[in-house]
Amino acid sequence: MSLVELVMPKMGESIMEATILRWHKKPGDFVKQDETVLDIATDKVDSEVPSTAEGVIEEILFKENDVVPVGSVIAKIKSSNDVAASFEPVTKGYNTAGNNLRTSGETIDVKEVPYQPSSVNVVKTSAARFYSPLVLNIASNEGIGMAELENIPGTGNEGRLTKKDILDYVSKKGSGQASAPVVPVHVERPAVIEAKPEIKQVAVTPTPAASPAPQPVATVKSNVEIIEMDRMRKLIAEHMVKSKQTSAHVTSFSEADVTNLVLWREKNKAGFEKREGEKITFTPLFIEAIVRCIKKHPLLNSSVDGDKIIVKKDINIGMATALPGGNLIVPVLKNADQLNLVGLTKQVNALGNAARKNKLKPEDTQGGTFTFSNVGTFGSLMGTPIINQPQVAILATGAIKKRPVVIETEQGDGIAIRHMMFVSMSYDHRIIDGALGATFLSAFVTELENFDPDRTF
């Protein structure tokens with residue numbers, strides 16, 4: 001008999017943790033290989049985790065609703081196979097550069113310590129308590145020293161401090177509901193980072209732990225309804241705030257005369273559905289125009305890594321999609337530049353339907369390089385969208401309205417009823433200047449206004 005470790009899988013390049021939603025098995029249950037053992041959730045999508053071996057569940061190491069770093073062992077399976085399957089921890093490559101870890105009034109600069117999954121993914125203190133890199137990064141950002149950290153109660157496995165524990169503590173401390181634990185001034189044995197012998201030891205310098213300024217306590221009147229945020233809403237809120245803190249947002253606006261496009265769709269939508277078995281919306285037409293503009297201005301299809309600009313050769317368009325419960329998810333059309341209008345329409349419809357039925361796969365929300373949002377779907381004239389990190393731009397289209405506008409003809413100016421639409425684009429001013437942002441937006445408007453009313457699909 002051999003013991004196989006089931007680890008928390010990595011669901012995407014930027015995802016470092018997942019929440020356990022439900023265990024389908026309990027200790028003592030028999031499980032087949034590839035049979036679902038548990039459901040997990042990330043800020044992108046919910047997913048099932050299959051068993052990597054056939055056998056009996058020996059031990060479950062985390063409870064439902066626990067937030068678990070990727071690569072952590074979450075269960076052990078007693079397998080009857082002669083050779084246990086081996087799995088490389090998926091936390092390999094986790095980059096903690098640029099963050100400081102505080103320990104008992106001392107600061108350790110982790111920039112000097114290369115990450116080793118087998119030895120530096122946790123920090124061990126004198127109290128033999130372990131902390132994940134995520135918890136340590138939060139503590140560093142909030143000015144919580146190691147001595148204070150050791151006195152925060154943990155609800156994880158064997159009392160381990162989880163992300164939820166430290167965020168709850170920070171929230172209560174900021175609102176005055178919790179005070180920093182009393183800690184000893186002198187620590188006989190400072191915390192160390194466990195490392196392989198070849199890893200360079202890092203010198204430490206005393207740094208006092210900063211305490212956030214006390215915030216006023218919110219009062220709740222009786223004539224209110226209190227609604228607890230669901231998990232996805234919390235993750236969306238965190239993602240949006242992080243985006244604002246990361247990128248210097250600038251939003252440009254323009255207006256497009258989409259009369260030719262509207263009339264073409266009205267004329268061809270019935271024939272398109274009959275021939276292709278798909279309803280054609282405005283979304284694939286807009287994405288088609290975005291792709292053409294990205295090819296002319298590839299810097300909009302990039303991301304920022306420190307002081308480096310990573311220009312993406314693949315054009316993967318994220319499509320912001322509203323869910324029935326009011327939340328938002330962004331499935332991705334991979335290699336959109338390689339699809340014709342029929343292909344784009346089928347992909348848009350398939351991803352949209354999967355999102356609304358909660359049937360998206362993890363890979364369906366990964367790898368986006370530029371995001372499109374149709375805020376006009378619900379009647380909004382325009383919007384100021386927030387960049388979907390780590391991308392550098394997001395374009396939004398408003399509702400299409402008939403309005404009288406001035407048009408230029410060979411016979412002179414005149415007034416006509418046209419189908420008009422506002423468009424907006426938020427972009428990262430760290431690398432996208434106003435001139436380039438406005439040029440891209442104008443190019444998008446030009447693509448829409450020059451739409452060929454006689455084209456075939």
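Predicted model: local features only at pLDDT ≥ 70, side-chain atom pairs only at ≥ 80, totals over all residues.

User: Let us begin with the chain. How many helices and strands does the secondary structure of the protein chain come to?

Analyst: There are eight helices and 24 strands.

User: What share of the residues counts as buried?

Analyst: The protein chain has 457 residues, and 43% of them count as buried.

User: Which contacts join residues at least 24 apart?

Analyst: Take the contacts between residues at least 6 apart in sequence. Of these, 64% join residues at least 24 apart.

User: Now the helices. How are two packed helices described?

Analyst: Two values do it: the angle between the axes and the distance between the axes. Here, take helix α5, residues 259–276, and helix α7, residues 341–356. They pack at an angle of about 75 degrees. Their axes are 13 Å apart. The angle makes α5 roughly perpendicular to α7, because angles of 65 to 115 degrees count that way.

User: Which residues of α5 and α7 make the contact?

Analyst: From α5 come Trp264, Phe272, Arg275 and Glu276. From α7 come Leu341, Val342, Thr345 and Lys346. By class, the contact has four nonpolar, one polar and three charged residues.

User: Next, salt bridges. What is the rule, and what does the count come to?

Analyst: A side-chain nitrogen of Lys or Arg must lie within 4 Å of a carboxyl oxygen of Asp or Glu. By this rule the count is 18 salt bridges. One of them joins Glu255 and Arg403, with the closest N and O atoms 1.7 Å apart.

User: Where in the chain are Glu255 and Arg403?

Analyst: The pair links distant parts of the chain. Glu255 is in strand β14, residues 249–257. Arg403 is in strand β23, residues 401–409.

User: Which salt bridges does Glu266 form?

Analyst: Arg265 bridges to Glu266, with the closest N and O atoms 3.7 Å apart. Lys269 bridges to Glu266 as well, at 3.6 Å. Lys269 and Glu266 are three residues apart in helix α5, so about one helical turn separates them.

User: Are Arg265, Glu266 and Lys269 buried or partly exposed?

Analyst: Arg265 counts as buried, at 16% relative accessibility. Glu266 is partly exposed, at 45%. Lys269 is partly exposed too, at 33%.

User: Which residues are linked in a network of salt bridges?

Analyst: One such network links Glu288, Arg292, Lys296, Glu447 and Arg455.

User: Last, the loop residue. Where is Ser72 found?

Analyst: Ser72 lies in the loop between β7, residues 67–69, and β8, residues 73–79.

User: Is Ser72 buried or exposed?

Analyst: Ser72 is buried, because its relative accessible area is 18% and the cut-off is under 20%. Leave aside its neighbours within four places in sequence. Ser72 is then in contact with Leu6, Val7 and Met8.

Definitions and conventions: Residues numbered from 1 in each chain as written. Heavy atoms only, no water. Axes fitted to C-alpha atoms, helices over the stretch in contact; angles between N-to-C directions. Helix = DSSP H or I, 4+ residues; strand = E, 2+ residues; numbered from the N terminus. Parallel < 35°, antiparallel > 145°, perpendicular 65-115°, else oblique. Contact = heavy atoms within 4.5 Å. Nonpolar A, V, L, I, M, F, W, Y, C, P; charged D, E, K, R; others polar. Buried < 20%, exposed > 50% of the residue type's maximum accessible area, 1.4 Å probe, protein only.
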